Amino acid sequence: MLALAGVVSKLLGALYRIPLYPLLGAEGMGLFQMAYPIYALILVLSTTGINIAVSKLVAERVARGDGRGVWSVFRTSLILLAALGLFFSAALFTGAGYIATTVTRDPRAYLSIAAIAPAILFVAVMSAYRGLFQGMQMMTPTAVSQIVEQIVRVGTMMALAYVLLPGGVEYAAAGASFGAVTGAVAGLIYLLFVFNRGRREVFSLPTVSGLGYDAFETARQIIAMAIPVSIASGVLGIIQLVDMAVVPARLQASGIAPELATSLYGQLSGGALPLMNLPTIFTAALQVSLVPSVSEAAAIGDGLLITTRSRTALRMTFILMLPAMAGLYLLARPIPALLYGDPEVGTSLSALASGVLFLAVQQVTSGILQGMGLMSVPVRNLLWGAAVKFGLTWALTSIPALGIKGAAYGTSAGFLVAAVLNMFTLVSILGHDIVDVPGMFVKPGISTAVMGVTVVALHRWLAILSGRESVATLLAIFAGITTYIVTLILTGGMTSRDFEIIPRVGSSMAEFLVRLGLIGK
């Protein structure tokens, strides 16, 4: 349920930018993106770790049948998170002016930062309820609340951005930022409804006699567990924050005007990065499923099963991400022109395209390592990647010949470093058997090359024939996907087991293709 909700939420979070970008423009998206990374990082550092710690402590007390302990953990976490949420909301709201002028270097970002600040309080309180339900093994409330939060958030963003746009792009960006507040309120209201409706069931566990609970000790346990998880979860947020602070400043240092620097940053963060992240929705879900899958194999000491599952996951990653990387590179300008009405986003997207594969490999290998109990290794490797990304972004962005592409190259290089370090660790532990050269590189590589030639030739021909760039782009994408799948089947890059994982129709498709002799069992 949580994985499914995560996929739905990320799809909504990625797709809303398609109508929002033309509405706000590159400059407005830049102002919006100057607020969101700060908000996201504060949330990760203040709530994510506590949420996981609460669910773990609640689960332990549920296992003992200790209803009093469950209530103690929940009540302590609720007070702790409410206090943290109130503090960070107030701090971000009062410091919005300083951040806008000193960090983002654009005073207009003040409105967006101030508008998003109250959301921290509501999300923090919501995290306490989510931790309780997850600890009780009740995943549906958390999953549904995530979807409710995202739907209301996106609806508010679009409505307020449209209504406030006549007042100026900074007001429209602030309206879009305020969507995080209404979304959080909606998600919290839903959780409160579920909690009050099932309150007796939640706390119907018997109280273990003789157990006393010190609120300060419970808070200490929660914080002790939360700190390492929060640090791990905050690395990607820090990377976004680095971009927000460094990219506009370095662009201005190269002689670009502040307004143009904000627009270029908006093209990168609000246009190109979401397109890079869109294909990795599938590998993010794969990462979630790998942790328990590999953990199960590790628990029974089955090293062969760990290797088999790791090799399969990596093969599927390359099968999915090689064509995605090539497609984004070859159609770097037509795709954002189709979706955003701004082909200039392609400048950043072409440099980010390789990052699709590197990010996907980093995600999947992190899931494998975490499933093996090596929780700190992916974090350490991602920190090394972040350091490389920061150094390259600082150096390359101020070079006039590169400009915003320098920041994009830095991002791709950072994920490359993290992915390579993760793979090196896995190979050193599991051996070279996890690397399926034909299945990961040769067959998908040949299929991607055939797809690339088809896409480029067909796009050019259709653009001339129809005179409509949007039609040419859509048909070229469809033809590319079809060509890739057919070529992959013909080269033996897919087996019946690959089709069988497709819900409902997969088994029938696999049986049909096996009968035709196109794929093997």
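1. **Model and make-up.** The model is predicted. The chain holds 21 helices and 0 strands. Start with the helices when you look at it.

2. **Burial and surface.** The chain has 521 residues, and 51% of them count as buried. Its accessible surface comes to about 22400 Å². Carbon and sulfur atoms account for 70% of that surface.

3. **Contacts along the sequence.** Take the contacts between residues at least 6 apart in sequence. Of these, 79% join residues at least 24 apart.

4. **How to read a helix pair.** Two numbers describe two packed helices: the angle between their axes and the distance between the axes. Both pairs below are given in these terms.

5. **α5 and α8: geometry.** Helix α5 covers residues 109-116, and helix α8 covers residues 169-197. They pack at an angle of about 15°, with their axes 7 Å apart. Angles under 35 degrees count as roughly parallel, so α5 and α8 are roughly parallel to each other. The crossing of α5 past α8 is right-handed.

6. **α5 and α8: residues.** On the α5 side, the contact uses Leu111, Ser112, Ala115 and Ile116. They meet Glu170, Tyr171, Ala173, Ala174, Ser177, Phe178, Ala180 and Val181 in α8. By class, this contact of α5 with α8 has 9 nonpolar, 2 polar and 1 charged residues.

7. **α13 and α15: geometry.** Helix α13 spans residues 303-330, and helix α15 spans residues 346-371. Their axes cross at roughly 170° and come within 9 Å. Angles over 145 degrees count as roughly antiparallel, so α13 and α15 are roughly antiparallel to each other.

8. **α13 and α15: residues.** From α13, the contact is made by Ser310, Ala313, Leu314, Thr317, Phe318, Met321, Leu322, Ala324, Met325, Leu328 and Tyr329. From α15 come Leu349, Ser350, Ala353, Ser354, Val356, Leu357, Ala360, Val361, Val364, Thr365 and Ile368. By class, the contact of α13 with α15 has 17 nonpolar, 5 polar and no charged residues.

9. **Gln362.** This residue also sits in helix α15. Is Gln362 buried or exposed? Buried means under 20% relative accessible area. Gln362 has 7% relative accessibility, so Gln362 counts as buried.

10. **Neighbours of Gln362.** Which residues does Gln362 touch, leaving aside those up to four places away in sequence? They are Leu382, Ala418, Ala419 and Asn422.

Note on methods. Residues numbered from 1 in each chain as written. Predicted model: local features only at pLDDT ≥ 70, side-chain atom pairs only at ≥ 80, totals over all residues. Heavy atoms only, no water. Axes fitted to C-alpha atoms, helices over the stretch in contact; angles between N-to-C directions. Helix = DSSP H or I, 4+ residues; strand = E, 2+ residues; numbered from the N terminus. Parallel < 35°, antiparallel > 145°, perpendicular 65-115°, else oblique. Left-handed = near helix turned anticlockwise from the far one by under 90°. Contact = heavy atoms within 4.5 Å. Nonpolar A, V, L, I, M, F, W, Y, C, P; charged D, E, K, R; others polar. Buried < 20%, exposed > 50% of the residue type's maximum accessible area, 1.4 Å probe, protein only. Areas by Shrake-Rupley, 256 points an atom, 1.4 Å probe, with all protein chains shown as cover.
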